[in-house]
Amino acid sequence: VQLQASGGGLVQAGGALRLSCAASGSIFSISVMGWYRLTPGTQRELVASIASGGSTNIADSVKGRFTISRDNAKNTVYLQMSSLKPEDTAKYYCNADLQKVAGGVFFRYWGQGTQVTVSS
């Protein structure tokens with residue numbers, strides 16, 4: 001199983017970016033997909049997560065600016081980021097809790113991370 005993240009880059013404050021993360025390989029079912037971010041010297045922060053049914057959990061720090069969505073048919077999760085601030089600068093990691101076979105345990109897989117840099 002692989003999670004391939006894309007969409008990061010350099011943007012000015014107030015701008016927008018859309019991150020994508022596609023899961024591929026031997027996948028039977030995906031429950032929760034989400035995004036975390038990490039900056040040097042800080043703890044990993046949950047940015048947003050979305051369950052298979054569509055319910056979401058958004059961090060207070062990005063609420064109203066970021067939106068998470070997913071395409072279950074494509075095993076892909078998206079993070080639409082708007083009104084970006086310099087403090088959003090971080091490496092963003094996607095994850096997916098998935099079963100590889102029916103009846104198997106759910107295991108969390110991680111993407112490789114994509115850098116988002118917001119200039120002031």
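Start by selecting β1 and β3, which pair in the antiparallel sense over five bridges. This is a predicted model.

Now show the side chains of β1. In a regular strand the side chains alternate between the two faces of the sheet. Here Leu3 and Ala5 point to one face and are buried.

**The four-strand sheet**

The four strands form an open sheet in the order β1-β3-β8-β7, with antiparallel pairing. The edge strands are β1 (2–6) and β7 (66–71), each pairing on one side only. From one strand to the next, the twist averages 15°.

Zoom in on β3 and β8. Strand β8 covers residues 76–81, and six bridges join this antiparallel strand to β3. Select arginine 18: opposite stands glutamine 80 in β8.

**The disulfide**

Stay on β3 and select cysteine 21. What does cysteine 21 form with cysteine 94? The two form a disulfide, with their sulfur atoms 2.0 Å apart. Cysteine 21 sits in strand β3 (residues 17–24) and cysteine 94 in strand β9 (residues 90–99). The pair links distant parts of the chain, 73 residues apart. The torsion about the S-S bond is about 55°, so the disulfide is right-handed. Are these cysteines buried or exposed? Both cysteine 21 and cysteine 94 are buried. The structure holds one disulfide.

**The nonpolar core**

Next, select Trp35, Val47, Phe66, Ile68, Leu79, Met81 and Tyr92. These have the most contacts inside the largest nonpolar core, which has 30 residues. β1, β3, β4 (29–38), β5 (45–50), β7, β8, β9 and β11 (114–119) each supply at least two residues. Which strand gives the most? That is β9, with five residues.

Pick leucine 79 and show its surroundings. Beyond the residues up to four places away in sequence, leucine 79 touches Leu17, Arg18, Leu19, Trp35, Val47, Ala48, Phe66, Thr67, Ile68 and Tyr92. Arg18, already visited opposite glutamine 80, is among these contacts of leucine 79.

Move to alanine 16, in the loop between β2 (9–12) and β3. Its relative accessible area is 43%, so alanine 16 is partly exposed. Leaving aside neighbours within four places in sequence, alanine 16 is in contact with Val11, Gln80, Met81, Ser82 and Leu84. Now draw a C-alpha to C-alpha distance from alanine 16 to phenylalanine 66. The two are 50 residues apart in sequence and 9.4 Å apart in space.

Finish at aspartate 88, in the loop between β8 and β9. Buried or exposed? Aspartate 88 has 0% relative accessibility, so this residue counts as buried. Show the backbone of lysine 85 too. The backbone nitrogen of lysine 85 lies 2.8 Å from a polar atom of the aspartate 88 side chain.

Then widen the selection around aspartate 88. Not counting residues up to four places away in sequence, aspartate 88 touches Arg37, Val62, Arg65, Phe66, Ser83, Val116 and Val118. Phe66 is one of the residues with the most contacts inside the largest nonpolar core, and Phe66 also touches leucine 79.

Technical notes: Residues are numbered from 1 along each chain as its sequence is written. This is a predicted model: local features need pLDDT of at least 70, side-chain atom pairs count only at pLDDT 80 or more; totals for chains, interfaces and linings use all residues. Side-chain values use heavy atoms; hydrogens and water are left out. A disulfide is a pair of cysteine sulfur atoms within 2.5 Å. Buried means under 20% relative accessible area, exposed over 50%, partly exposed in between (1.4 Å probe, protein chains only). Two strands pair if DSSP finds at least two bridges between them. Axes are lines fitted to C-alpha atoms, for helices over the stretch in contact, and angles run from 0 to 180 degrees between N-to-C directions. A polar contact is a pair of N or O atoms within 3.5 Å; within protein, one must be able to donate a hydrogen and the other to accept it, and residues adjacent in sequence count only if both atoms are side-chain atoms. Contact means heavy atoms within 4.5 Å. A nonpolar core is a set of buried Ala, Val, Leu, Ile, Met, Phe, Trp, Tyr and Cys residues joined through side-chain atoms within 4.5 Å.
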